[in-house]
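This report describes how parts of a protein model are arranged. Please look at the sequence and the structure before reading on.

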2 protein chains.
Amino acid sequence: MKRTFSNFLAICLAMVFLVVAAAQAAEPLPSWNDGKTKQSILVFVEKVTKPGSADFVPASERIATFDNDGTLWPSHPMYTQLAFALDRIKALAPKHPEWKTTQPFKAVLDNDLKALAAAGEKGLVELIMGSHAGMSTAEFEAIVTDWLDKARHPRFKRRYTELAYQPMLELLAYLRAHDFKTFIVSGGGVEFMRPMTEKVYGIPPEQVVGSTIETKYEVKDGKPVLMRLAKIDFIDDKAGKPVGINKFIGRRPIAAFGNSAGDREMLGWTGAGSGARLMMLVFHDDAEREYAYGPANGLPDTKFGTFPQSLMNEAKQKGWVVISMKNDWKSIFSDK
Amino acid sequence: MKRTFSNFLAICLAMVFLVVAAAQAAEPLPSWNDGKTKQSILVFVEKVTKPGSADFVPASERIATFDNDGTLWPSHPMYTQLAFALDRIKALAPKHPEWKTTQPFKAVLDNDLKALAAAGEKGLVELIMGSHAGMSTAEFEAIVTDWLDKARHPRFKRRYTELAYQPMLELLAYLRAHDFKTFIVSGGGVEFMRPMTEKVYGIPPEQVVGSTIETKYEVKDGKPVLMRLAKIDFIDDKAGKPVGINKFIGRRPIAAFGNSAGDREMLGWTGAGSGARLMMLVFHDDAEREYAYGPANGLPDTKFGTFPQSLMNEAKQKGWVVISMKNDWKSIFSDK
């Protein structure tokens, strides 16, 4: 009996070995076309994870940071959070009759995109404050969760959360399988992202760095709540990204992924550390399957996720790998 | 041959089982005396980790937050970071002749504790700014690391990092062994703590929440640096603790540990969540082995880590467990 049980265990163990071996043999990053770009990922991961390698990095220091909009999911025809803000303004309008005559709210209610663009960054902040503040953090989370479930992308007619880039999901999983800790470092609002990052990207809330608005601790009916104030606390964009990385993570990443001028400093900060580094930029050159914009390489200049020629030149000069969506990715979105 | 190998594997597997079983059988929390306090930890962990339990919490949501000063290491005769600041002021004094005649710096240079106390919170902030700002984050990390290596606690004559409370180190390890993610949430400066938390507490930098000063991204000699500015960014104390937890972690803890009035809101915020919760306060009632202060229970009122009677009453009313260092802990520090 004992002998039989031992044999049974041995067989189980052998089966586990087979399954593991099969998984290891499976081609990594299946949605990436073979070539230099994919190779740069595989070579980097091999270098920093192989014991005895000159570039070996202990697991605890394998920090990888990812921008969100345009890097992990689309930022067109506008940032998802802006689409959320516009929907919120419309939903809240009955309680704010003054918005009918006040810019930039009037522009939103009139669907007047020209007036909206004219309101500029100041107008954008007013829209965010009008739609993202004045409720508790718990209420805001419920509002975001509900919106993400109901809203659909205007072109792809799917939930925004279903539009995560399949090759990037594979990259996140591949890095984590090699003991990387994956973080989001985005200009987007941290409390707009956290309700979905774990489910969509496998990134838990505590590994999401983003812009924040101030909150205030209050006790209401004997229960503590955090109220969201109409005041910006921190903008996690451009030079704010290294600041945010230092403040929230406290370690320099060894790999960083972005897609626009807002990611320049994050990639520069990552690359300035010693040892092997991987910096990559998603370049949107696929109008057919997603969007094409620059203005680098003569593509149209759009408002959401600008990739200037100077960034393309800097990438070349510093060895940052530019991912061509058109050439490097077999598929853009998951079929699920 | 094959059969022999199978048997060999089976034996290996059996040995693994034995080792695991032995580890599980080992008494948990050996530096805690048996009794209600220790029991409250064991019962809570069993409840939230046992599959099928009504109070079961998925591993990803097992967030535990720990105050640092007075909870994980001593806060007497003064906060360790204040001792660091005073040493820094003395070291920097030759470059600041004006400090000889300016309070609160003069008080530090004269070792005039009365004048220092009279400078109050405003004076404290000036000392922190004078000693913690004006260098890059990398330079500051090197300064802190060097100081932590050289400085000795005035009473115990050991490095501050050797004075982590042994029962709390066991508690941290015990929680992590049950898939908790352990965080520090301290009023102390985050960049003062991060150089030592991984080595001392097993808590990586990205799981340290604390007070922050503003930093500025600059490019010096072609290299990006973050310069520490003499401006407070965030105070992670009292009502700031739930704010910090929300901002940096983005999830409500299910367990929180503190030792003073500064932890009241963190424990309240933790307890206000639904499901099983564990809130504990270290009470310093052991003048012989460490320190004794309150003013709760008639102990002397000290400046560093006040535990007022109102907190003792609130703990009783809300079911927060008060840890008596004298009665609940077999030993205070590690013998190593």
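In chain B of this predicted model, Val185(B) stands opposite Val209(B) of strand β3(B). The two strands concerned, β2 (residues 181-189) and β3 (residues 208-220) of chain B, pair in the parallel sense over three bridges. They belong to an open sheet of seven strands in chain B, whose order is β4-β3-β2-β1-β5-β6-β7 and whose pairing is mixed. The edges are taken by β4 (223-234) and β7 (321-324) of chain B; each has a single partner strand, so one side of each is left without a neighbour in the sheet. From one strand to the next, the twist averages 30°. Helix α6 (residues 120-132) of chain B lies across β3 and β4 of chain B and runs at about 175° to β4(B).

One residue of chain B can be followed in more detail. Is Thr37(B) buried or exposed? Thr37(B) is part of helix α2 (residues 36-49) of chain B. Its relative accessible area is 8%, and buried means under 20%, so Thr37(B) counts as buried. Apart from neighbours within four places in sequence, Thr37(B) is in contact with Trp32(B), Met280(B), Val321(B), Val322(B), Ile323(B) and Asp328(B).

Chain A also contains an open sheet of seven strands, in the order β4-β3-β2-β1-β5-β6-β7, with mixed pairing. At its edges stand β4 (223-234) and β7 (321-324) of chain A, and because each has a single partner strand, one side of each is left without a neighbour in the sheet. Thr65(A) stands opposite Phe183(A) in β2(A).

| Helix of chain A | Strands of chain A involved | Angle |
|---|---|---|
| α8 (residues 166-177) | β1, β2, β5 (255-258) and β6 (278-283) | about 165° to β1(A) |
| α10 (residues 240-249) | β1, β2, β3 (208-220) and β4 | about 130° with β2(A) |

Helices of chain A also pack on each other. Two packed helices are described by the angle between their axes and the distance between the axes. For α3 (residues 80-92) and α7 (residues 137-150) of chain A, the angle is about 105° and the axes are 11 Å apart. This makes α3(A) roughly perpendicular to α7(A). On the side of α3(A), the residues that meet α7(A) are Thr80(A), Ala83(A), Phe84(A), Asp87(A) and Arg88(A). Their counterparts in α7(A) are Phe140(A), Ile143(A), Val144(A) and Trp147(A). By type, the residues of this contact divide into six nonpolar, one polar and two charged.

How many of the eight residues of helix α11 (residues 264-271) of chain A are buried? Six are, so α11(A) is largely enclosed by the rest of the structure. The buried residues are Glu265(A), Met266(A), Leu267(A), Gly268(A), Trp269(A) and Thr270(A).

Finally, the two chains can be compared. Chain A is superposed on chain B by a rotation of 180° with 0.0 Å of shift along its axis, at an RMSD of 0.0 Å. The two copies are therefore related as by a two-fold rotation axis. Of the interface residues of chain A, 100% are also interface residues in chain B, so the copies meet through the same surface.

Key:
Residues are numbered from 1 along each chain as its sequence is written. Chains are lettered from A and ligands numbered from 1 in the order in which they are written. This is a predicted model: local features need pLDDT of at least 70, side-chain atom pairs count only at pLDDT 80 or more; totals for chains, interfaces and linings use all residues. Side-chain values use heavy atoms; hydrogens and water are left out. Two strands pair if DSSP finds at least two bridges between them. Helices (H or I, at least four residues) and strands (E, at least two) are DSSP runs, numbered from the N terminus. Contact means heavy atoms within 4.5 Å. Axes are lines fitted to C-alpha atoms, for helices over the stretch in contact, and angles run from 0 to 180 degrees between N-to-C directions. Buried means under 20% relative accessible area, exposed over 50%, partly exposed in between (1.4 Å probe, protein chains only). Copies are superposed by least squares on the C-alpha atoms of residues with pLDDT of at least 70 in both. Angles under 35 degrees count as roughly parallel, over 145 as roughly antiparallel, 65 to 115 as roughly perpendicular and the rest as oblique. Ala, Val, Leu, Ile, Met, Phe, Trp, Tyr, Cys and Pro count as nonpolar, Asp, Glu, Lys and Arg as charged, and the others, Gly among them, as polar.
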